[in-house]
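The sequence and structure come before the comments.

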Amino acid sequence: RKTMPEKLMPCRRCGWKAKLETWSSGGFMCMAKCTNPDCFHPEDYAKGRNPNKVISAWNNGMEDFDDE
């Protein structure tokens, strides 16, 4: 039974909405990151192959999470 992914929480640094980006060159990957181009740390993001783990990591403040 599949569980629905958690909802992405806003950026912990600036409060803006976060987004989940996906791509498939070299295999499926995704990352959660802030949508604010002026965020203090826009390079901080959670990435990996499992969207549920990436969303959970972002929501729990582990922006530098990488499940590879």
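The points below cover the basis of the model, its sheet, its helix and its cysteines.

1. Basis of the model. The model is a predicted one, in which local features need pLDDT of at least 70 and side-chain atom pairs count only at pLDDT 80 or more, while totals for chains, interfaces and linings use all residues. Residues are numbered from 1 along each chain as its sequence is written, and side-chain values use heavy atoms, with hydrogens and water left out.

2. Overall content. Helices (H or I, at least four residues) and strands (E, at least two) are DSSP runs, numbered from the N terminus. Of the 68 residues, 26% count as buried, where buried means under 20% relative accessible area, exposed over 50%, and partly exposed in between (1.4 Å probe, protein chains only).

3. The three strands form an open sheet in the order S1-S2-S3, with antiparallel pairing. Strand S1 (18-23) and strand S3 (46-48) are the edge strands, each pairing on one side only. On average, neighbouring strands are turned by 15° against each other, direction ignored. Two strands pair if DSSP finds at least two bridges between them. Axes are lines fitted to C-alpha atoms, for helices over the stretch in contact, and angles run from 0 to 180 degrees between N-to-C directions.

4. Strand pairing. Six bridges join S1 to strand S2 (residues 29-34); among the pairs, Ala18 is partnered with Cys34, Lys19 with Lys33, and Glu21 with Met31. S1 and S2 make a hairpin with five residues between them, and Gly26 in the turn has a positive phi of about 85°. On its other pairing, S2 is joined to S3 by three bridges, also antiparallel, with Ala32 opposite Ala46. Five of the six residues of S2 are buried, and the strand is mostly covered.

5. The helix and Asn59. Helix H1 (residues 51-59) lies across S1, S2 and S3 and runs at about 20° to S2. Asn59 belongs to this helix and counts as buried because its relative accessibility is 13%. Leaving aside residues up to four places away in sequence, Asn59 touches Glu6, Lys7, Leu8, Met9 and Arg12; contact means heavy atoms within 4.5 Å. A polar atom of the Asn59 side chain lies 2.7 Å from the backbone nitrogen of Met9.

6. The cysteines. How many disulfides does the structure hold? The structure holds zero disulfides, a disulfide being a pair of cysteine sulfur atoms within 2.5 Å. For Cys14, the nearest cysteine sulfur is that of Cys34, 3.5 Å away. Cys14 counts as partly exposed, because its relative accessibility is 27%. The sulfur of Cys39 has its closest cysteine sulfur in Cys11, at 3.7 Å, which is too far for a bond. Cys39 is buried, with a relative accessible area of 6%.

7. Contacts along the chain. Among contacts between residues at least 6 apart in sequence, 31% join residues at least 24 apart.

Conventions. Polar contact = N/O pair within 3.5 Å; in protein donor to acceptor, adjacent residues only side chain to side chain.
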